[in-house]
Amino acid sequence: MKKMPELSLDQWAAVRVAYETSALPLRDIAAGHGVSHVAVAKRADRQGWLRPGEAPPLPDGAAEEKLVARLYRTFEKQVAELELRFANGEGGVEEKDARTLSVLARTLETLGKLREGTDDAADAAPVDIEALRARLQARLEQLDAAGDAAIPPAGGVAAGGDRGLPA
């Protein structure tokens with residue numbers, strides 16, 4: 001039996017594109033790229049490739065918990081970066097900052113519900129988005145106004161301490 005050549009990463013990327021975007025049979029995709037259909041099937045399964053119209057599998061409990069934990073870490077990183085930027089006096093209050101904080105607030109709410117395992121539709125309470133935006137805008141203005149006072153003198157820390165921000 002003749003051994004098929006091993007494909008480069010770029011060649012596998014092309015196989016994946018064909019696999020995920022065309023309705024061609026697996027054997028035709030494999031033959032078109034000079035690889036066995038078994039190799040394509042194994043790689044697709046191992047790397048989670050999806051055929052057009054396929055839905056991704058639902059994660060099991062452990063995978064879901066890991067995903068929620070990753071989302072929390074990402075959320076915390078975004079908030080820390082925003083706080084650091086304001087503490088360093090980098091730029092004024094911008095509309096994009098208010099939108100970012102609004103999205104982060106909704107993300108935190110969603111993450112909380114995911115952690116609790118509650119159903120979003122059952123617990124959905126009307127949210128006054130305008131009130132939330134007004135509160136966020138007021139907080140941004142406070143941070144912006146305090147920005148000049150929060151900039152530490154050269155070689156020192158501001159009188160208020162490091163405020164728990166990462167160095």
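**View 1. Leu 71 on helix α4 of the predicted model.** Helix α4 covers residues 61-87, and Leu 71 is found in it. Leu 71 has a relative accessible area of 36%. This residue therefore counts as partly exposed, since that class lies between the buried limit of 20% and the exposed limit of 50%.

**View 2. A nonpolar patch on the surface.** Leu 71 forms this patch with Leu 67 and Leu 114. Together, the three leucines have about 230 Å² of accessible area.

**View 3. The largest nonpolar core.** This core has 12 residues in all. The most comes from α4, which gives five residues.

**View 4. Another core, apart from the largest one.** Here 11 residues make up the core. Among them are Trp 12, Val 15, Ile 29 and Ala 44.

**View 5. The protein around these sites.** The predicted model has seven helices and zero strands. Along the sequence, the pattern reads α-α-α-α-α-α-α. Of the 167 residues, 21% are buried. Accessible surface comes to about 12000 Å² for the protein, and carbon and sulfur atoms account for 57% of it. Among contacts between residues at least 6 apart in sequence, 69% join residues at least 24 apart.

Conventions:
Residues are numbered from 1 along each chain as its sequence is written. This is a predicted model: local features need pLDDT of at least 70, side-chain atom pairs count only at pLDDT 80 or more; totals for chains, interfaces and linings use all residues. Side-chain values use heavy atoms; hydrogens and water are left out. Patches are made of residues with over 30% relative accessible area and no salt bridge: like charges are joined within 9 Å, nonpolar side chains (Val, Leu, Ile, Met, Phe, Trp, Tyr) within 5 Å. Accessible areas come from the Shrake-Rupley method with a 1.4 Å probe; for residues, only the protein chains shown count as cover. A salt bridge is a side-chain nitrogen of Lys or Arg within 4 Å of a carboxyl oxygen of Asp or Glu. Helices (H or I, at least four residues) and strands (E, at least two) are DSSP runs, numbered from the N terminus. Buried means under 20% relative accessible area, exposed over 50%, partly exposed in between (1.4 Å probe, protein chains only). A nonpolar core is a set of buried Ala, Val, Leu, Ile, Met, Phe, Trp, Tyr and Cys residues joined through side-chain atoms within 4.5 Å. Contact means heavy atoms within 4.5 Å.
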